[in-house]
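Open the model in your viewer and keep the sequence panel beside it. This tour tells you what to select next and what is there.

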Amino acid sequence: MSAAKTLQPGEIVLDHASRAFSIRADRGGTLKELLLRRRSDGPAPIQALADVTLHIPPGQTVGIVGRNGAGKSSTLKVLAGIVPLDSGSVDIGGRIVSLLELGAGFGRDFSGRENILLGGALHGLSKAQIEEKLDDIIAFSELGDFIDVPVKTYSSGMYVRLGFAIAAHLDADVLLIDEVLAVGDEAFQRKCEARIAGQVEKGATLVLVSHDAALIERTCERVVVLDGGHVVFDGPSAEGMEYYHRQMNTPTPASIAEAGGP
Ligand SMILES: Nc1ncnc2c1ncn2[C@@H]1O[C@H](COP(=O)(O)OP(=O)(O)OP(=O)(O)O)[C@@H](O)[C@H]1O
């Protein structure tokens, strides 16, 4: 992150951002193989983000779409501060709440309730602020008596519920979401979507990565299409999704209607 820029709460500036991944480190092999391997061995690094520039004003809802490996998750991870850039800069104003890797920061031996207190403190909430939200978070999680049991006993779905319940009550200026809504049962998904819509109504900026075209269309006013780490479209959501459907060779809602429905 570069310093010295003063942004409004909820504003995002990604400026000529690039990030490559070497996949050599992921290749297995014995110590002998590793020692014998020449430096030039292996595939070239993958450019996950290639000179991406985006300016997102406070309160805007932005969907990031593109084929597999286009760089969508990498972009969100850069915004969340999980992945550093090789070059360029990222600046975000206000409180960022990332719904990536929900529950990843939980203390496994602590109960759900204790993790709520910890999570709130980690996001800069005072003890009084967390205690004020505690009952709502517990109710939202629907964990019942499990809230006082160590989270290491939770199922993955229960983990995600608690993670989402905490994140959803942090009063975000910027919400970063990656396919997380596909987790949990349908009723919980709907509840999460409604909660996100509520935060957006209150003025939060939303950056959403999803393969669910309908979700993007009903949630986002702006769409960014990525391909090979490049921005290939950036504009209004309806045009962006048309571009995406053409790229993926999938039917658009308009073409389905023209053909006489599904
Ligand atoms: N930690 C990593 N190590 C190596 N390569 C990575 C890493 N993270 C991402 N990549 C590579 O960077 C490219 C972009 O990945 P990314 O996950 O951002 O794409 P995506 O658009 O989110 O894809 P998907 O739709 O499949 O989730 C891919 O080629 C991927 O293999």
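Start by selecting S6 and strand S7 (residues 205–209): the two run parallel and are joined by five bridges. Strands pair here when DSSP finds at least two bridges between them. Helices (H or I, at least four residues) and strands (E, at least two) are DSSP runs, numbered from the N terminus. Now pick leucine 176; its bridge partner in S7 is valine 207.

Two notes before moving on. This is a predicted model: local features need pLDDT of at least 70, side-chain atom pairs count only at pLDDT 80 or more, and totals for chains, interfaces and linings use all residues. Residues are numbered from 1 along each chain as its sequence is written.

**Stay on S6**

Select residues 174–178, the whole of strand S6. Are they buried or exposed? Five of the five residues are buried. A residue is buried if 20 or more other C-beta atoms lie within 10 Å of its own, exposed if 12 or fewer, and partly exposed in between, with C-beta atoms placed from the backbone. Show the side chains: Val174, Leu176 and Asp178 point one way, while Leu175 and Ile177 point the other way.

Isoleucine 96 has valine 174 of S6 as its bridge partner.

**The six-strand sheet**

Widen the view. S5-S6-S7-S3-S8-S9 is the order of an open sheet of six strands, and its pairing is mixed. S5 and strand S9 (230–236) are at the edges with a single partner strand each, so one side of each has no neighbour in the sheet. On average, neighbouring strands of this sheet are turned by 15° against each other, direction ignored.

Go to strand S8 (residues 222–227): it pairs with S9 in the antiparallel sense over six bridges. Valine 225 has phenylalanine 233 in S9 as its bridge partner.

Then select valine 62, in strand S3 (residues 61–65). Valine 62 counts as buried because it has 23 C-beta neighbours inside 10 Å. Leaving out residues up to four places away in sequence, valine 62 touches Ile56, Leu206, Val207, Cys220, Arg222 and Val224. Touching means contact: C-beta atoms, placed from the backbone, lie within 7 Å. Proline 236 is 174 residues from valine 62 in sequence, yet their C-alpha atoms are 9.3 Å apart in space.

**The three-strand sheet**

Select S2, S1 and S4. They form an open sheet in the order S2-S1-S4, with antiparallel pairing. Strand S2 (46–56) and strand S4 (87–92) are the edges; each has a single partner strand, so one side of each is left without a neighbour in the sheet. Neighbouring strands here are turned by 20° against each other on average, direction ignored.

Strand S1 (residues 12–21) pairs with S2 over seven bridges. Find valine 13, which stands opposite histidine 55 in S2. Helix H2 (residues 72–80) packs on this sheet and touches S1, S2 and S4. The direction of H2 makes about 60° with that of S2.

Colour H2 by burial. Eight of its nine residues are buried, so H2 is largely enclosed by the rest of the structure. Among the buried ones are Lys72, Ser74 and Thr75.

Now show the ligand. Residues around it include Phe21, Ile23, Gly66, Asn68 and Lys72; the shell takes residues whose C-beta atom, placed from the backbone, lies within 6 Å. Which elements give two or more residues to the shell? They are S2 and H2. H2 gives the most, with three residues.

**Last stop: two helices**

Select helix H4 (residues 127–141) and helix H5 (residues 156–168). Their axes are 8 Å apart, and they pack at an angle of about 140°. Ile137, Phe140 and Ser141 in H4 meet Arg161, Leu162, Ala165, Ile166 and Ala168 in H5.

Terms used
Axes are lines fitted to C-alpha atoms, for helices over the stretch in contact, and angles run from 0 to 180 degrees between N-to-C directions. Two residues are in contact if their C-beta atoms, placed from the backbone, lie within 7 Å.
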